[in-house]
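Welcome, and please open the model in your viewer. We will go from stop to stop, with something to select at each one.

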Amino acid sequence: MKLNHSRNVMFAWVALCCLDLVAALGWSGAKPAVAAGPLAIQGATIITVSGETIENGTVLIRDGIIEAVGTEIDIPGEALVIDGTGKVVMPGFIDAHNAAGMSQANEQAAVVPFLSVVDSIDPVASYFEECRRNGITSAAVVPGNSTLIGGKAAIVKTAGKYVNDMIVRRDSALKLSLRPTSGSRMSQMSLLRKELDAAKKALEAKDEDGKASKEEDASKKAESEDEKKDDAEGDESGDEEKGEGDKDKESADDAGKGEDIGLEAMKLAVQGKMPVYIYCEVAMDVTAAVKLVDDYGLKPIYVLGQECYQAAKLLAKQERTVILDPTLVYWKTNPRTREDEKVELPAIYREAGVPFVFQISDSDRRTTLGTSYFWYQAATAIKFGLTQDAAFAALTLEPAKLLALDDRVGSIEVGKEADLVVLTGQPLDIATWVDMTIVGGEVVYERDEDEKLKRLLSPEAE
Amino acid sequence: MSVTAESKTLSHRGISDWLAALLLCAVLATPGFGQTVDAYFASAIWTGDGEPIQDGVLLVREGVIVAVGRQDQIEIPPRANRHDLGSATLIPGLVIAQTNIVESTRAEDYAISPEVRAVDGFDPFGDYQSLLAAGITTVQVSPGGNRLMSGVGAVVKLAGEDPTKQILAEVESLRITLTREGLSPPTVYEPPVGAVSVERPVEPTKPQLGTSLAQAIVGLEALLAEATEADSPDDIRLQSLAQIIKAKLVSRWTAGSNAEVRAALHLAQQFNIPWIVVDPLEVDLLVAKKVWESELARGVILNPELRPGRIANPIVPREGAKVEMPVWKRARSLIDAGAADRMALRASTDEDLKTLLFTASVLGRGGLTPAEILRTITSSPARILGVANRVGSLKPDADADFVVLSGAPFEPGTKVLATFTDGRSVFDIKSKNESDVKNEQATVIHAAKIYTADGVLETSSVAVVGGKIAGLGTDVSLPQGAKVRDFGNAVIIPGMIDCSTSLGLGGSLSETTTFSTKLGPLLARDDDQVALGRQGGVTTALLSSTRLPSPVLAFKLTDSPRPLKDPVALRFEIKGNLTATESSLERTLKTGKAYADSWNKYDAEYAEYKKQLAKYEVEKAQYDAAMKAAADKKAAEAKKPEAEKKEQETAKEKEKDENEKKDVSESDKEADKTEPGKPATEKASGDKTEAAKTEAKPDDKDTNKPDQPKLVEPKKPTEPNKPSSSSSLEAYRDLFAKKIVAMVDVSDVKAVDLAVKLFRKDFGLKTAIVAGEAAARRAKLLAENEVFVVVGPALVGTDDEGELVNYAAELSIARVPIGFQSNASTGVSELPAAISYAVYEGLGSSDALQGLTAGTAKFLGLESVGAIEVGKDADLVVLSGSPLLLSTEVLAVMIDGEWVYEKESN
């Protein structure tokens, strides 16, 4: 890969641009010199996903934003030009649900709506490196499936030195898991309802409080701990005020403090302001999830276990994009006939009319290599009846829509953020490599400089 | 709907289409068009409420019952799909008033958990086929019963297209268990979230409410009172409870004794909540009419206390103790008290749900009619559960949940043929049977007469399972999923045996064979000749080469002919010059006998050898064990000196000696291992003495003398030498062991005499002669010598004076056992007809039948055929009338449990 950098640019201008960027995006990337000027990829096949595929096209990026896409684009003199001849450019992939990327995720405490993954995201986690290597540019880091209310998810870009550089959206969603942690589904659900009811009640109380004057309220109900809680929530308008309130009560209500922060998230979820990932392990969880969504007005993102396909019809009625299990095709034994049956999830959901996006399996725990790559997932889906365009959309634009990021990423359109993947050849071709990954207009991965990959492919070179 | 269709057609179609659309709209206006109506005709419909409707019809549209009634009273829409269910009976899908069909029945820790909902534990995608197959379509699911207040139940259907619509009542009743099961809650431990500190200490475990009935009642009363009074309580449990009381949700009390029932009724009345009493053992309080006049009385659910396949040991009542009323008496008295429509029966456990249609009939002991019993598992539970408008009875506007039974409910032998929910078939016994393995298919055949080994059975049945006769009698046990064939006035006889045919090889065999030739593997599959030949009722045929001598094979006339015994006989021939034949045959038989004898001798010797060998092995094992123990001891002693270095020097000389001995003994032992036959040597004596010293086994007591090599290795017995083996003579071994038969074709009277002398008298073989007239003349001789005669195909001839002679009859009169042969291929089918002439001319039909079936089978040693008897092969011939009459026709033939010929289908 050659970078034909036009050197007839005033250095000061470069520096200024650089500062601008740093100020605007909080950016402190590894290669500020590259990110500074406009960047153009010329002569490549551009799969825009949102529109037609452009042959021999050019993408012009300025300030991390796609400035122009098309065949006849004037490339400014100062632009860094990447020769895209024979290459394919696609929008960066989006991982809509992954518990990787955290160091020490919570797997123990069952009800922790107050937790945020942001506190645990590790920018140097191998997950992010793998993401860049495989063309994933945005990822939703979500608490795992082992806890009932696992906390708050965040959407991040997969490149950055510090967590703050990476974050696209903090507290992007709340995570619920219907897989029983201990005991039965009945107690799991009653516990979940209890929390949701508490949030609902708190909201109602807040409405009432809003009507009455605050001081009156406080003096009347000073005795009751629980009412104090409500009071604190009532003062949501001012954060400092709330903090003071908390301090006052600290000694009296220690446990309540944790719940308070959690309650905020729960309240947002119940109001439908914060989306809720609902992990369904088996088909009966889907019915429960649908019921919860109806009862509490949640804004759901269904994350499905393998067995959930039995509820495909029910999911189709929900008219929402779902996130499939990483294992798309598997064998299971019919308990009655003792016959082995092949379950092809993409085919089942496609036929039922359920739009879906993929998950990749945790690379640390994978037993097969394929399911840890989005490429493989897309190819599997195509094998079982998905069109190629739909499969590409399921890697890019569909998850972007699911995460409400489609105004920023997910396709190659003017005005969107320049999160791109440059491939050495046709996508889904076995011989194709990710040649370059661009996040926010910055080249964050180049195959030519991927020492680990080189070592992997030619160990003798060492 | 019609409006939108119209507007759409107007805007999008041409004029001609528009006209068509107008027509369509006209039709659409008539109610019910476009929704297909299914009409199910059945001989009886039990609606679940009231008496059955004879010759009823059930109309179903869109999963909902439109009408139900007598066929002559209900107007059936012309376009209805008609389903004639024949003699079947329709009942409503069964409704079970209480089950625990939830994903996990693990009890909650908390004694009071009204917030738990059973509906969350119901898996609509679960496999409920076994319950649907038992006719159960709707159940109450309950959140476990091991806690005082375990949660809220729900009412669900076990099948449906939309899982969310399977839930009939999400919140049905609050379960409270006052019996012992609910009164032993564990203590609970609630660890604090986060780190433990002085301000947040680890709290000790807390005891819970309700370790005795009195405590539980007081506690419940307080709790209910708090929940009633509290405006909006903060505690989640109180909150749920308050909602339940406010919503007047039903309370479901598991209460056995009078005290428990009293407590339940008292609390329910005090807080004005409707109640259901579950599993009452004492009903004294419930049989008061006043109780059932109350609006709060939702119902009572009885436990049949009966688990098919299990026997409980009733407790011997103490003197003076009150004896509990049996469940049927309780049911009766509850009905008398006015609870007829509010009394339901549940299954003792979830496992017993499948048998509820049977267990429910126990209420018949209390004088309940079948209709009343059916009510306790259909409409009454539906009423108790508050879903009577939808399920539990067959009535207009109810869900089309019904069960097709093969006969009246609770009658023995009545099976669930199909189950429907919302008009959709969710279980069908046919589709189930098709998937079963073919030869496991059970068939039950009814006929007017069955010729069994013990005589003729009138109006009886034969049950056939897996190709064998499994049952026989007037009231045969019905195998699972059996297909029933009723032949009405027909007669069933065993499949017949033809003693000589040229069937099975696709043509007759005339080549020279040796007695070592196995004909079984040569049998041709799907032979058309066999298919034709068996139509007369012959199911087993014998086959040999026409060039004698030849081995004889017995085989079944199935599509893939099955060798039954190969060989079943050796067939000889006496013809031509009798003197020459005699000497050559004698020589042959002598050779054969000598061969057989040599092997018999060897067999005897070998058996003795085996006995000796077994004895030897036991002795050898004992000997080896002793040797090993000695060696171990030796090794241990050798190690000891190394550890104790100080004593080493003093013991050196001794050790040297011992080591030498040890070396010798070890090498000796090696030799023993490789050559177990080698006798023990003196060299091992040193070891053995020590072994004897250390071993305290009683067996070794006599060897316990020092320096006495008593333990001698046992001698292996020698195997006897095998006699030389010859494949051509091998068959003689069975012949002389009388396992197989010598069949001798004879041409005249002299030859008969010779055959009897040679085969029977001289060599003592099991002999059958194949002859007609000649045998008849020597009937007495043959009878005396117990010689079997194969007659046919000609059974009746004329003597020198031109008089008719019925060979078969003559032989039978002389008590000579006979069999029949056709010597034909497809003509095998004519054999019974040929015999019918002999019968016409005086042969007793039972003698003839004996010769065609059991007699011949016994003589030939074909144990599995020849009689209709439990355990024998299911080779059956269904006749239109008495056997061996020319007027009688073969209706069907079964071989090995499969119908190979049916007159109807031809």
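Begin by selecting strand E18 (residues 434-439) of chain A: 6 of its 6 residues are buried, so the rest of the structure largely encloses it. Here a residue is buried if 20 or more other C-beta atoms lie within 10 Å of its own, exposed if 12 or fewer, and partly exposed in between, with C-beta atoms placed from the backbone. Helices (H or I, at least four residues) and strands (E, at least two) are DSSP runs, numbered from the N terminus.

Before moving on, a word on what you are viewing: this is a predicted model, in which local features need pLDDT of at least 70 and side-chain atom pairs count only at pLDDT 80 or more, while totals for chains, interfaces and linings use all residues. Residues are numbered from 1 along each chain as its sequence is written, and chains are lettered from A and ligands numbered from 1 in the order in which they are written.

**Around E18 in chain A**

A:Val439 stands opposite A:Glu442 in E19(A). The two strands, E18(A) and E19(A), form a hairpin with 2 residues between them, and A:Gly440 in the turn has a positive phi of about 55°.

**Chain A as a whole**

Among contacts in chain A with a separation of 6 or more, 65% are between residues 24 or more positions apart; two residues are in contact if their C-beta atoms, placed from the backbone, lie within 7 Å.

While you are here, select A:Asn56 in strand E3 (residues 54-62) of chain A. Most residues other than glycine have a negative phi, and most peptide bonds are trans. The phi of A:Asn56, however, is near 50°, a positive value in a residue other than glycine. A:Asn56 counts as exposed because it has 12 C-beta neighbours inside 10 Å.

**Across to chain B**

Now show both chains. The contact takes 26 residues from chain B and 24 residues from chain A. On the side of chain B that touches chain A, the residues divide into 10 nonpolar, 5 polar and 11 charged. In this count Ala, Val, Leu, Ile, Met, Phe, Trp, Tyr, Cys and Pro are nonpolar, Asp, Glu, Lys and Arg are charged, and the others, Gly among them, are polar.

**A buried strand in chain B**

Select strand E25 (residues 538-543) of chain B, where 6 of 6 residues are buried. Strand E24 (residues 496-501) of chain B runs parallel to E25(B), with 4 bridges joining them. B:Asp498 has B:Ala541 in E25(B) as its bridge partner.

On the antiparallel side of the tour, strand E26 (residues 550-556) of chain B is joined to E25(B) by 4 bridges. B:Leu542 stands opposite B:Ala554 in E26(B). A hairpin through 6 residues joins E25(B) to E26(B). In the loop between these strands you will find B:Pro549, and the peptide bond joining B:Leu548 and B:Pro549 is cis, with omega about -5°.

Next, go to B:Pro567 in strand E27 (residues 562-574) of chain B. The peptide bond from B:Asp566 to B:Pro567 is cis, with omega near -5°. Is B:Pro567 buried or exposed? It counts as buried, because B:Pro567 has 27 C-beta neighbours inside 10 Å. Leaving aside neighbours within four places in sequence, B:Pro567 is in contact with B:Pro551, B:Val552, B:Leu553, B:Ala731 and B:Ile740. B:Pro567 and B:Val552 are 15 residues apart in sequence, yet 5.2 Å apart in space, C-alpha to C-alpha.

**Last stop**

Finish at B:Arg815, in the loop between helix H22 (807-813) and strand E33 (818-820) of chain B. B:Arg815 has a positive phi of about 60° although it is not a glycine. With 13 other C-beta atoms within 10 Å, B:Arg815 is partly exposed.

Conventions: Two strands pair if DSSP finds at least two bridges between them.
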